[in-house]
Amino acid sequence: MNALAPVLTPFRTLIREKCGVTFKNDALHVLEAAVNKRISTANLSGHDEYLKVVRDSEEELHRLIDLITINETYFMREGQHFGVLCETIMPELLSRKTGKIKILSAGCSTGEEAYSILISLIEKYGIGIKKRVEIYGVDIDRNVIKTAKEAVYGNNSFRNDERMLMKYFEPRTDKRYGILPLVKEGVDFQVCNLLRLPYPGELQKMDVIFYRNVSIYFDREVQSNIFQNLSNILNPEGYLFLSSTETYYHNVGILSLKECNNVFLYHKKISMGFDDRRKYKKTLPPLQPDIRAAKMEPSLPPVVQPKPVVVEKRRDARVIFDEALADAMQKKYRQSIAKLDELLKESPDFLKAYALKASLLVNLQEMDAAREVCNQILEKDEWNLEAHLLLGIAAKIGDALDEALKMFKGALYINATCWLAHYYLADIYFSQHDVPGAHREYGIALKLLETRGVEDHGLTYFPLSFPVEQLIHLCRHNIDKIRAQHQKD
Ligand SMILES: C[S@@+](CC[C@H](N)C(=O)[O-])C[C@H]1O[C@@H](n2cnc3c(N)ncnc32)[C@H](O)[C@@H]1O
C-alpha cells in the first residue's frame, strides 16, 4: 500500500465521482503531483485546505482534472478502424440516410482522432463529403480542447502514414504543422464530461461513435455507466468503436458486438429480434427460483423443486468431468475423451466438457474434430473464450493466419488479460514482419505473465510443460530480437 494513499483518498474519491477516472495505487503519483502543484500555485497551506477549495469550486475541480487526465493520442491511431468506417459503414449510412451523418470522437484529447476521421473520409470520398457529415470531438479536459481547436501539432502526433497526412497540413516556422482550414472547420470541439448527463443537444442522435482508449482509466461501474450513456445517444443501427485493447465486458446486452474485416465494433440494432432476445437472456444472471417464487406469491408455500434428480445428475457430471480432467493430466487422451462423450450425452450443456474435449483433440492434432467441437460451444455461447483460443490455435497450426488472428483478437475482446492470446498474436505478427504489432503484444504478454502468473491462460486444460520464468524469458528474448532487427533496418 502506498504511504501517500490515506492523504490522497478523498481526492481520489472526488475525481472518481466527478469524472470517472480511477487511480490505482501504482498511479497515485500522478494525482499526488497534480494536487501538490495546485496547492503550491494557489498558495494554500496543505491538503486539508485544498480539499475544501476543490470541493466547493467547480473551476478548481476543472483545474485539477486538467492536470490528471492522460491525453496520449496521435493521427490515424489503429488505422484499421478508419478503414472500416470508410469502406463498410459509410457506404451503408450514405445509402440509407438522407440527412447528415453524425460522428463523435468521445474523449478526443487534442483532436487527432476527430481530424483523422475527417481526413480518411475526404481521402475516400473527396472534399464533397464534408456536406454529408457532422463531426464532433468532446473531452473533459479544457486544455486539450483548446489545442484541438488550434489544430497545430508537433512530430509526436504523426506516427502513422505521414506522407498521406502531410497533404492536409502546412509546415510552420516553429517546426510544427497547422491543419488546413478546410479540415479544421469540419470538426466541432467542445468540453463535455461523458459521465455527466444530459449531454448537449447537438451530441444526440449519433450515427458513429469513436470511444477509444478512454474507458481504460475507469472502473467497471463507470465504464458501464458511460457505455450506457453513449449507447443512448447512438441512433438505431449506429456503430461504436472501442480500441482493440478494451474488452467486451462493456457489453451488457445494450449493444451487440459485430466483426468487420477483423475489427470488432458495437452495433445498435433497431429492435431485438427473437434470436437476439434469446442471446440477451442468456447473458443475464439466472434468477434464484425460490426468490422469484417468494416475490411473486408471498403468501404461497415455497415452490417444491424437482431437486433430487437435477442435483444428482449435476454431481455425477462434475465427478465424470474431474475424472476426465485427471486422465487428461496423465495424457490418457482417448480415455478422457470417452468419459467426456459419456458425460455430454447426459449433460449436453456442460460447456467445460466440450472445451476439454476440444483441447484434447488439438493435442491429438485432430484439428477438424477440434474445430467441430469448438463450433458446438460457440452455438451455445458465442463469446466463449476457450472456443476462440482453441480455434485460433488450430488455425495457426494449419497456417490459416488470418483466421487465427481473428480468433485471438476475439479472445482478447472477451478477456483482455489473456496472456496466451497476446502471445499467439505476437507470434503471428512477428511471422508477418509486423514489428510494432509483435513488439506490443510480446510486451503485454510479458507484463501479464510477470504480474498475474501463468495460470491465467484461459483454457481448462493447457499442457504447459515449462515454467513461467521460461515463458517470460522467451518473451524478453523475442522483444530483444525484434529491437535488434529494427535497429539493423
Ligand atoms: C488517452 S486519451 C484518448 C484519445 C483518443 N480517443 C485516442 O484514442 O487516441 C483519453 C481522453 O479521455 C478523456 N477523458 C477522461 N475522462 C473523461 C470523461 N469523464 N469525459 C470526457 N473525456 C474524458 C481524457 O481527458 C483524455 O483526453
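Mentor: Buried residues account for 34% of the 489 residues in this chain.

Trainee: What makes a residue buried?

Mentor: Count the other C-beta atoms, placed from the backbone, within 10 Å of its own: 20 or more is buried, 12 or fewer is exposed, and anything in between is partly exposed. Keep in mind that the model is predicted: local features need pLDDT of at least 70 and side-chain atom pairs count only at pLDDT 80 or more, while totals for chains, interfaces and linings use all residues. Residues are numbered from 1 along each chain as its sequence is written.

Trainee: Why is His433 called exposed?

Mentor: His433 has 9 C-beta neighbours inside 10 Å, so it counts as exposed. His433 sits in the loop between helix 19 (419-431) and helix 20 (435-452). Helices here are DSSP runs of H or I with at least four residues, strands are runs of E with at least two, and both are numbered from the N terminus. The chain has 21 helices and 10 strands.

Trainee: And what about Val191: what makes it partly exposed?

Mentor: Val191 has 16 other C-beta atoms within 10 Å, so it is partly exposed. Val191 belongs to strand 6 (residues 187-191).

Trainee: Leaving aside neighbours within four places in sequence, which residues is Val191 in contact with?

Mentor: Asp139, Ile140, Arg142 and Ile145. Contact means that the two C-beta atoms, placed from the backbone, lie within 7 Å.

Trainee: Why is helix 1 called roughly parallel to helix 3?

Mentor: The axes of helix 1 (residues 5-19) and helix 3 (residues 47-56) come within 10 Å and cross at roughly 10°. That makes helix 1 roughly parallel to helix 3, as angles under 35 degrees count as roughly parallel, over 145 as roughly antiparallel, 65 to 115 as roughly perpendicular and the rest as oblique. The axes are lines fitted to C-alpha atoms over the stretch in contact, and angles run from 0 to 180 degrees between N-to-C directions.

Trainee: And what makes helix 16 and helix 17 roughly antiparallel?

Mentor: Helix 16 (residues 367-380) and helix 17 (residues 385-397) pack at about 155°, with their axes 9 Å apart. That angle makes helix 16 roughly antiparallel to helix 17. The residues of their contact divide into 10 nonpolar, no polar and 1 charged. In that scheme Ala, Val, Leu, Ile, Met, Phe, Trp, Tyr, Cys and Pro are nonpolar, Asp, Glu, Lys and Arg are charged, and the others, Gly among them, are polar.
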